[in-house]
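I'll talk through a few spots and then how the inside is put together.

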Amino acid sequence: MTYLVAADLPRQSAGSRFGALIDRPEILGIPGAHNGLAAIQARDAGFEALYLSGAAVSASMGLPDLGILTVEDMSFFIRQIARASGLPLLADGDTGYGEALNVMHMVRSFEDAGAGAVQIEDQLLPKKCGHLNDKQLAAPTDMAAKVNAAKRASRDLVVIARTDAAASEGIEGAVARAKLYLEAGADAIFPEALTSVEMFREVASRLPDVKLLANMTEFGRTPALTAQEFQDLGYAMVIWPVTSLRVAAKAQGELYARLAAEGTPVSLLDRMQTRAELYETIRYYDYEALDRSIVATVLPA
């Protein structure tokens with residue numbers, strides 16, 4: 001599928017497609033995709049939705065994940081990934097880039113760029129990865145105002161409210177915040193940095209009939225669980241937010257080290273995607289066929 005072919009474009013909005021996916025009884029696995037090529041590869045592997053992590057975008061730009069990104073930075077990648085894959089995308093909205101009006105601007109920008117869902121978190125700037133220490137939280141009512149602003153601004157974008165309260169306020173605080181965010185209009189809840197299976201189970205039991213998102217990030221505080229295990233615990237979605245970037249970055253680092261040491265990449269040829277494989281992935285020949293199919297306009301004499 002090439003995103004230039006109008007006949008291939010989805011007829012439903014990204015928000016309605018994402019909403020339908022999380023309404024199904026089985027869990028929705030959402031891998032992170034940090035660029036258009038990764039998005040195509042994830043789609044070809046069978047995934048039906050994608051996640052765009054602010055941490056992955058920051059790292060790909062050579063920046064730390066400390067709330068430095070702008071709405072336009074994220075919108076650029078949203079457009080790229082949504083167009084390349086055609087899949088509904090859950091975009092990381094960090095803290096909303098400001099207060100209520102800023103959140104509304106972010107939601108409109110993300111939705112116009114092709115996002116199907118957005119997550120907003122209840123940290124204060126400078127925000128941190130949810131699995132790090134010393135996170136500073138916004139007042140629950142301030143976060144609720146942002147959630148409400150997001151819902152008012154969206155057409156049918158799915159709004160997911162993330163709470164980082166478990167680390168400092170315990171399950172009681174996280175659940176209380178989640179209920180307030182749901183009252184404000186959140187469509188789903190993302191309880192971040194839970195550290196045990198028992199915590200995941202308790203949150204689900206305290207929030208029955210709520211769409212819940214689990215974060216299965218590597219090198220974090222959450223135990224390694226499978227998508228099926230999260231489903232059995234009562235979760236509707238699981239993300240692997242930075243996995244694709246981590247694998248790609250590790251491979252790139254090894255490439256440059258080998259190239260510097262040997263003066264040639266020949267020893268890594270068996271680990272490279274071939275030209276033929278790349279062209280197949282990006283549908284190179286479909287684009288050529290499309291180009292040939294466009295008939296030149298002939299003006300009347």
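This is a predicted model: local features need pLDDT of at least 70, side-chain atom pairs count only at pLDDT 80 or more; totals for chains, interfaces and linings use all residues.

So, the buried residues of α1 pack against β1 (28-31), β3, β4 (117-121), β5 (158-163) and β8 (237-240). Packing here goes by contact, meaning heavy atoms within 4.5 Å. Residues are numbered from 1 along each chain as its sequence is written, and side-chain values use heavy atoms, with hydrogens and water left out.

Back to α1, which spans residues 14-22 and has 7 of its 9 residues buried. Buried is under 20% relative accessible area, exposed is over 50%, and partly exposed is in between, with a 1.4 Å probe and protein chains only. The buried ones are Ala14, Gly15, Arg17, Phe18, Gly19, Leu21 and Ile22.

Next, β3, residues 89-92, which is where Asp92 sits. Is Asp92 buried or exposed? Buried, at a relative accessible area of 4%. Its side chain has a polar atom 3.0 Å from the backbone nitrogen of Gly54, and the Asp92 side chain also reaches the backbone nitrogen of Asp94 at 2.9 Å. Beyond four places in sequence, Asp92 touches a list of residues including Tyr51, Met74, Tyr97, Phe110 and Glu121.

Phe110 is a handy link to the core. The largest nonpolar core has 61 residues, and those with the most contacts inside it are Met106, Phe110, Phe230 and Tyr235. Helix α7, residues 166-184, gives the largest share of that core, 7 residues. There's also a second, separate core of 17 residues, which includes Phe18, Ile30, Leu90 and Ala236. By nonpolar core I mean a set of buried Ala, Val, Leu, Ile, Met, Phe, Trp, Tyr and Cys residues joined through side-chain atoms within 4.5 Å.

Last stop, Leu50, in strand β2, residues 50-52. Leu50 is buried, with a relative accessible area of 0%. Leaving aside neighbours within four places in sequence, Leu50 is in contact with Ile30 and Leu90, among others.

Methods:
Helices (H or I, at least four residues) and strands (E, at least two) are DSSP runs, numbered from the N terminus. A polar contact is a pair of N or O atoms within 3.5 Å; within protein, one must be able to donate a hydrogen and the other to accept it, and residues adjacent in sequence count only if both atoms are side-chain atoms.
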